[in-house]
Amino acid sequence: MVKPQREQTDKIILENQIIQMRNSMVEMERLYDDIRSVKHDIRSVKYDMKNNMEVLQNLLQRKYLSGGKEDEEIKKYFEGIHHAVEQLDN
């Protein structure tokens, strides 16, 4: 009589463990999907930033062809930002 109760109890415990494992797997998959989404968003922002930097550099080159000291400082500033965005690839 005790043995069947013990087997039933063990069965219930195992079923609960399986349910918990399945729930954990579902949660891990959801977290993985969230991480993939964030990575995609970061790539999109990085692409937009790089594009904006290139546009700004081109505008500076067209507008400030005189090569004055102030113009060079602005140009170096944007080159630094562009370089920092490029480092996001690493």
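Here are some friendly notes on this predicted model, point by point.

1. **Ground rules.** This is a predicted model, in which local features need pLDDT of at least 70 and side-chain atom pairs count only at pLDDT 80 or more, while totals for chains, interfaces and linings use all residues. Residues are numbered from 1 along each chain as its sequence is written, and side-chain values use heavy atoms, with hydrogens and water left out.

2. **Overall make-up.** The protein chain has two helices and zero strands. Helix 1 covers residues 2-63, and helix 2 covers residues 69-86.

3. **Surface and burial.** The accessible surface of the protein chain is about 8,100 Å², and 57% of that belongs to carbon and sulfur atoms. Accessible areas come from the Shrake-Rupley method with a 1.4 Å probe, and for residues only the protein chains shown count as cover. Of the 90 residues in the chain, 10% are buried. Here buried means under 20% relative accessible area, exposed means over 50%, and partly exposed lies in between (1.4 Å probe, protein chains only).

4. **Salt bridges in general.** How many salt bridges does a search of the whole structure find? The search finds four, where a salt bridge needs a side-chain nitrogen of Lys or Arg within 4 Å of a carboxyl oxygen of Asp or Glu. I take up some of them in the next two points.

5. **The network around R30.** Do look at E27, R30 and D34, which are linked in a network of salt bridges. R30 meets E27 at 2.6 Å, N to O, and R30 also pairs with D34, with the closest N and O atoms 2.8 Å apart. R30 is partly exposed, with a relative accessible area of 40%. E27 counts as partly exposed at 35%, and D34 counts as partly exposed at 36%.

6. **R36 and D33.** Another salt bridge joins R36 to D33, with 3.9 Å between the closest N and O atoms. These two residues are three apart in helix 1, so about one helical turn separates them. R36 is partly exposed at 48% relative accessibility, and D33 is partly exposed at 42%.

7. I81 is partly exposed, with a relative accessible area of 26%. K46 and L88 are 42 residues apart along the chain, and their C-alpha atoms are separated by 7.6 Å.

8. **A nonpolar patch.** V55, L56 and L59 form a nonpolar patch on the surface, with about 220 Å² of accessible area together. Patches are made of residues with over 30% relative accessible area and no salt bridge; like charges are joined within 9 Å, and nonpolar side chains (Val, Leu, Ile, Met, Phe, Trp, Tyr) within 5 Å. L56 lies in helix 1 and counts as partly exposed at 35% relative accessibility.

Methods. Helices (H or I, at least four residues) and strands (E, at least two) are DSSP runs, numbered from the N terminus.
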